[in-house]
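I opened my notebook to record what I looked up in this model.

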Amino acid sequence: MARPREFDEQKTLQAVAEAFWTRGYEATSTRDLAQRTGLTVTSLYNAFGDKQALFQRALQHYLDATLRERIDRLEQALAPSEAIAAFFNEVIERSLSDRQQRGCFLVNSALEATPDAPELRAAIATEIDAIRAFFRRCLLAGRRTGEVPSAVSAADASAHLLAVLLGLRVMARINADRASMTAAVATALKAAGISKHR
């Protein structure tokens, strides 16, 4: 019989995610991961696979607790235009409260992904597209309820909102300035036909 794992998988993935999020994929060594988790490199690899597999598992763990949770919660609880506005407001608040100015783990990963990791690049692209799909669903729903003008192209507006979001997350790593971030979001929301935001 296989021995049960003698560690908390969720806590381990959280520690691994924090390591990669803080330092990036390339700069994070296996020694760093072992120190963060209190496990040996062999134990980590036996449980999760090699460094790239461990990175992908950690990224998925991060997304479950942040991006996916936020999208599900806002889409279920708020009107379409309010969901988009609240999404951006939460991103701004998270960016401002992060004293380490790490930005977004997903966006950082996209910036660091290299051509020799096609599976990772594809996984990141899928997750980023899920954000655009969230914006598009909300915009289409908003058009049906009259919150968003019918002249607004959901495809174009969702692409624009995504571009602004990615820009915000990069800005957050350099200069997380509330006024600049809020102004950028307000302009993007207005262009998308969303005149009021929370």
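Where does P149 lie? I found P149 in the loop between α8 (118–145) and α9 (154–174). Before going on, I noted that this is a predicted model, where local features need pLDDT of at least 70, side-chain atom pairs count only at pLDDT 80 or more, and totals for chains, interfaces and linings use all residues. Residues are numbered from 1 along each chain as its sequence is written, and side-chain values use heavy atoms, with hydrogens and water left out. Helices here are DSSP runs (H or I, at least four residues), numbered from the N terminus.

**Entry: P149.** P149 is partly exposed, with a relative accessible area of 40%. The scale is this: buried means under 20% relative accessible area, exposed over 50%, and partly exposed in between (1.4 Å probe, protein chains only). Next came contacts, meaning heavy atoms within 4.5 Å. Leaving aside neighbours within four places in sequence, P149 is in contact with R143 and G193. I also checked P149 against A176: they are 27 residues apart in sequence and 32 Å apart in space, C-alpha to C-alpha.

**Entry: T182.** T182 sits in helix α10 (residues 178–191). It is partly exposed, at 33% relative accessible area. A polar atom of the T182 side chain lies 2.8 Å from the backbone oxygen of R178. I then compared T182 with I92: 90 residues separate them in sequence, but their C-alpha atoms are 7.6 Å apart.

**Entry: T28 and helix α2.** T28 lies in the loop between α1 and α2. Is T28 buried or exposed? T28 counts as buried, because its relative accessibility is 0%. Setting aside neighbours within four places in sequence, I found T28 in contact with A19, F20, R23, L33 and K51. One of these, L33, is among the buried residues of helix α2 (residues 30–37). What covers them includes α1 (9–23), α3 (41–48) and α4. After α2 comes G38, with a positive phi near 80°.

**Entry: α4 against α7.** Two packed helices are described by the angle between their axes and the distance between the axes. Helix α4 (residues 51–65) and helix α7 (residues 105–112) pack at about 145°, with axes 10 Å apart. The axes are lines fitted to C-alpha atoms over the stretch in contact, and angles run from 0 to 180 degrees between N-to-C directions. From α4, F55, A58, L59, Y62 and L63 meet F105, L106 and S109 of α7.

**Entry: N108.** N108 is also in helix α7. It is buried, at 11% relative accessible area. Apart from neighbours within four places in sequence, N108 touches W21, R102, G103 and R173.

**Entry: F135.** Not counting residues up to four places away in sequence, F135 touches I84, F87, F88, S158, L161, L162 and L165.

**Entry: cysteines.** How many disulfides does a search of the whole structure find? The search finds 0. A disulfide is a pair of cysteine sulfur atoms within 2.5 Å. C104 is buried, with a relative accessible area of 10%. C138 is buried as well, at 4%.

Definitions and conventions:
Helices (H or I, at least four residues) and strands (E, at least two) are DSSP runs, numbered from the N terminus. A polar contact is a pair of N or O atoms within 3.5 Å; within protein, one must be able to donate a hydrogen and the other to accept it, and residues adjacent in sequence count only if both atoms are side-chain atoms.
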